[in-house]
Amino acid sequence: KTTRGKPFAKIFKAVYPSVWRTIKEIKEEDAENLPNQMMQKESQLFRSILEECYARDWKVFSVHDAIVVLDDASNTFEIEELQGLMLHVYHENGIFPTISAERY
């Protein structure tokens, strides 16, 4: 609810001011359930993304808030297609994230 004595909260507030305001508003109404609500929403979003990936026969799985694409010859899609799908699902839910792709 406050950034007092919380250096990471101060950084978060500076970098994501609109998210900070939203979280603060929600916490004023129901602080105890916010973490559970956030985890549930993230789970719903990733389930939607994964269902669409599987419908397209893409070989992927999720790890927390990331989609892992298997290096498999049958994975013939471009990473930009996956990023577009993810953005579409997020935008449908009023969320406008930054998505990046990394190769390992």
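Reader: What share of the contacts with a separation of 6 or more comes from residues 24 or more positions apart?
Author: Happy to start there. Contact means heavy atoms within 4.5 Å. This is a predicted model, where local features need pLDDT of at least 70, side-chain atom pairs count only at pLDDT 80 or more, and totals for chains, interfaces and linings use all residues. Among contacts in the protein with a separation of 6 or more, the share from residues 24 or more positions apart is 24%.

Reader: In what order do the elements run from the N terminus on?
Author: Helices (H or I, at least four residues) and strands (E, at least two) are DSSP runs, numbered from the N terminus. The protein has four helices and two strands. Their order is α-α-α-β-β-α.

Reader: Is Gln83 buried or exposed?
Author: Gln83 sits in helix α4, residues 79-92. Residues are numbered from 1 along each chain as its sequence is written, and side-chain values use heavy atoms, with hydrogens and water left out. Buried means under 20% relative accessible area, exposed over 50%, and partly exposed in between (1.4 Å probe, protein chains only). Because its relative accessibility is 19%, Gln83 counts as buried.

Reader: Which residues does Gln83 touch, not counting those up to four places away in sequence?
Author: Let's stay with this residue of helix α4. Leaving out residues up to four places away in sequence, Gln83 touches Ile99, Ser100 and Ala101.
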